[in-house]
Amino acid sequence: MTGSANACRRMRSRTRRTRRRTTAERPSKMQGRTGGVRRRVGAVGVLSPRRRGSSSALGFFAVVVAAVASSADAKTVRERWVIRPQIITSANATFSPDCYLGDRRVLLVNDINPGPVLRAEVGDVVKVTIVNKSPTDAVTVHYHGLSMKGYPYSDGTGAVSQCSVGPLQTQVNEFVAEDVGTHYWHGHTGMERVDGLQGAIVITDPHDEDEKLLRTLYDEERILFLQDWYHREGSFQRTGLDSLPFRWIGNPQTLLINGKGQYLPCLESEDNCVENCGSAGGGYLPEINVEQGKTYRLRIISGAQLVGLNLAISDHAMMVVEADGTLVRPFSVNNLDIMPAQVSSFLMQDYCLASLPIRSSRSLA
Ligand SMILES: [Cu+2]
């Protein structure tokens, strides 16, 4: 870790998530609605106050070329998220994340928990088509951590800035990616994210100097998506949490990493559990494949509903480089507190995750 630590010291602290943009640079709602990335970037070059003083034809030409070059990088990221309720039962074990087969309704995107990772580069137009297959539930998706300036109608705040996606309806969330870093999308209607409606967002910027410097410090990246998992649905939890007096619903039954965990009673008895829950290769232990000698950036997202988590990897320090979507001056810790909806990144080197216990993978029950 020494070489990496020295290199990390060279990193500048970035105190702002993105540089402050001029009024002319900010996309208007109309530009967003018409998908006018090229026009938006072009307008930056022509209208920016910094450019107005450029009177030479060559200067103007350079601005236009730069604008066109930037727009050439931008692309449209299209996602199709089919949201469908499923029931975990002994006859339908596929959707149990922790071996337990008690009846429990889940609400999943494309039948996976957590849902798909949304990846984009700064400047990309993101179009997420939300297909709601639930015959009873309205849904919304909130893009947590994204500023969404100019795109309130895609921010997932149902009945505030947009309509929810009604039962059996389809809606397209459209926005331009602006905020570099690790972020988090989640259902924003009722307690739907507790039922699996959530996932990671990763926005990169190949032209960002800090990101480029950080990128020299690691070889690959992995995502650790953390969840507290309850054997009762979000609607049940809400009944308790909304009650007067407040009714605590108790601790989660299992903690999940990347949608997997082991409910401890299932390791001792197979009653109401998947067979061979504890077997190697049984599919219920989260596995993160790494190569020894490589340095990894681990992007941590807490999709926990109610509990603060503490993440540690035995006998290994973690070099924190990002907190809540903002790069920070690197610092080393032995464990990391992470609260619901917080995100972070740290670098790991010279380790083998597969053979080391990650403490938050233990079941609480
Ligand atoms: Cu949020």
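This is a predicted model: local features need pLDDT of at least 70, side-chain atom pairs count only at pLDDT 80 or more; totals for chains, interfaces and linings use all residues.
**Copper site**

I began with the metal. The copper ion is coordinated by two histidine atoms, ND1 of His 144 and NE2 of His 186, at 1.9 to 2.1 Å. I then looked up where these residues sit. His 144 belongs to strand β5 (residues 141-144) and His 186 to strand β7 (residues 181-187), so the pair ties together parts that lie 42 residues apart in sequence. Next I checked accessibility. His 144 has a relative accessibility of 28%, so I noted it as partly exposed. His 186 has 9% and is buried, since the cut-off is under 20%.

**A glutamate without a partner**

I turned to Glu 79 in strand β1 (residues 76-88). Is Glu 79 buried or exposed? Glu 79 is buried, yet I found no salt bridge for it. The nearest side chain of opposite charge is Arg 119, and it is 8.3 Å away. A salt bridge needs a nitrogen within 4 Å of a carboxyl oxygen. I also listed what Glu 79 touches beyond four places in sequence: among them are Pro 116, Val 117, Leu 118 and Lys 127.

**Salt bridges**

How many salt bridges does the structure hold? I noted 13. I looked up three of them.

Asp 137 and Arg 105 meet at 2.4 Å, N to O. This pair links distant parts of the chain, 32 residues apart: Asp 137 is in the loop between β4 (125-132) and β5, and Arg 105 is in strand β2 (residues 104-109). I read Asp 137 as partly exposed, at 23%. Arg 105 is also partly exposed, at 23%.

Glu 209 and Lys 212 meet at 3.1 Å, N to O. Both lie in helix α6 (residues 209-215), three residues apart, about one turn of the helix. Glu 209 is partly exposed at 49%, and Lys 212 is partly exposed at 38%.

Glu 220 and Arg 222 meet at 3.1 Å, N to O. I followed their shared partners and found one network that joins Glu 220, Arg 222, Glu 291 and Lys 294.

**The sheet**

I ended with an open sheet of six strands, in the order β10-β9-β11-β16-β13-β14, with mixed pairing. Which strands stand at the edges? They are β10 (254-257) and β14 (326-333); each has a single partner strand, so one side of each is left without a neighbour in the sheet. Neighbouring strands are turned by 25 degrees against each other on average, direction ignored. I looked at one pairing inside: β11 (residues 295-302) and β16 (residues 343-349) run antiparallel over seven bridges. Thr 295 has Gln 349 in β16 as its bridge partner.

Conventions:
Residues are numbered from 1 along each chain as its sequence is written. Side-chain values use heavy atoms; hydrogens and water are left out. Two strands pair if DSSP finds at least two bridges between them. Helices (H or I, at least four residues) and strands (E, at least two) are DSSP runs, numbered from the N terminus. Axes are lines fitted to C-alpha atoms, for helices over the stretch in contact, and angles run from 0 to 180 degrees between N-to-C directions. Buried means under 20% relative accessible area, exposed over 50%, partly exposed in between (1.4 Å probe, protein chains only). Lys and Arg count as positive and Asp and Glu as negative; His and the chain ends are not counted. Contact means heavy atoms within 4.5 Å. Donors are N, O and S atoms within 2.8 Å of the metal (3.2 Å for Na, K and Ca); water is not among the atoms, so sites may look incomplete.
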